[in-house]
Amino acid sequence: MAVVSAVRRLPLLLAPLVLAAAVVLAGCGDDGGDGAAVAAAAPVTGVTRVAAKDNRFMPLAIQVPAGTTVTWAFEDGLVPHDVTGDGWRSGDPQRKGTFAHTFDRPGTYPYRCTVHDGMNGRVVVTGA
């Protein structure tokens, strides 16, 4: 009798594990703006906020004048992200909150999420 009762409860016990696995696997998709898509994306002007959501940076590329502070907002619920560029990074992956970085010199600054391969973006900085 106890064995039958335990077998009946098995689906209820496994449901949280299946849900957790689905969340983790959803965070590992490679649809976040691969290098070719980022390189081909025309930079959006007038934007200083980039969202890390749905395993991608939105917009993929932005263009700002030198001296601009760009803010990344982590908006992907249970899926953590970070932002890492050449010589700067947001720190540990986070599920919510923001990170800001000021771009003082003209140039092109690619960045990525170290947690998710293919989740890339770009900041193009023009002369002030």
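A salt bridge here is a side-chain nitrogen of Lys or Arg within 4 Å of a carboxyl oxygen of Asp or Glu. I began with that cut-off because the pair Asp-82 and Arg-89 meets it at 3.7 Å, N to O. The model I am reading is a predicted one.

**Entry 1: confidence**

I looked up the pLDDT before anything else. The protein averages 83, and 72% of the residues score at least 70. I then marked residues 17-31, where the pLDDT is below 50. Beyond near neighbours in sequence, that stretch has 15 contacts in the model.

**Entry 2: salt bridges**

How many salt bridges does a search of the whole structure find? I get 2.

I took Asp-82 and Arg-89 up again, to see how their side chains are placed. Asp-82 is buried, at 0% relative accessibility. Arg-89 is partly exposed, with a relative accessible area of 45%.

I went on to Glu-75, which forms a salt bridge with Arg-49; the closest N and O atoms are 2.7 Å apart. Glu-75 counts as partly exposed at 32% relative accessibility, and Arg-49 is partly exposed at 45%.

**Entry 3: Asn-55**

Asn-55 has its place in the loop between β2 and β3 (56-58). Is Asn-55 buried or exposed? I note it as buried, at 6% relative accessibility. Along the chain Asn-55 and Glu-75 are 20 residues apart, and I find 9.7 Å between their C-alpha atoms.

**Entry 4: strand pairing around β4**

I followed strand β4 (residues 61-65) to its partners. Strand β1 (residues 44-45) runs parallel to β4 and is joined to it by 2 bridges. In this pairing I find Val-44 opposite Ile-62 in β4.

How many bridges join β4 to strand β10 (residues 120-126)? I count 5, and these two strands run parallel. Gln-63 stands opposite Val-124 in β10.

**Entry 5: aromatic pairs**

I searched for ring pairs and found 9 aromatic pairs in the structure. I wrote out two of them.

Phe-57 and Tyr-111 make an edge-to-face pair, 4.9 Å centre to centre, with 75° between the planes. The pair links distant parts of the chain, with Phe-57 in strand β3 and Tyr-111 in strand β9 (residues 107-112), 54 residues apart. I find both Phe-57 and Tyr-111 buried.

Trp-88 and Phe-103 also form an aromatic pair that is edge-to-face; their centres are 5.6 Å apart and the angle between the planes is 90°. Trp-88 lies in strand β7 (residues 88-89) and Phe-103 in strand β8 (residues 98-103), so this pair ties together parts 15 residues apart in sequence. Trp-88 and Phe-103 are both buried.

Which residues do ring pairs link into a cluster? I list Phe-57, Trp-72, Trp-88, Phe-99, Phe-103, Tyr-109 and Tyr-111.

Note on methods:
Residues are numbered from 1 along each chain as its sequence is written. This is a predicted model: local features need pLDDT of at least 70, side-chain atom pairs count only at pLDDT 80 or more; totals for chains, interfaces and linings use all residues. Side-chain values use heavy atoms; hydrogens and water are left out. Buried means under 20% relative accessible area, exposed over 50%, partly exposed in between (1.4 Å probe, protein chains only). Helices (H or I, at least four residues) and strands (E, at least two) are DSSP runs, numbered from the N terminus. Two strands pair if DSSP finds at least two bridges between them. pLDDT is the predictor's confidence in each residue, from 0 to 100. Contact means heavy atoms within 4.5 Å. Rings of Phe, Tyr and Trp (its six-membered ring) pair if their centres lie within 6.5 Å; planes under 30 degrees apart count as stacked, over 60 as edge-to-face and the rest as tilted.
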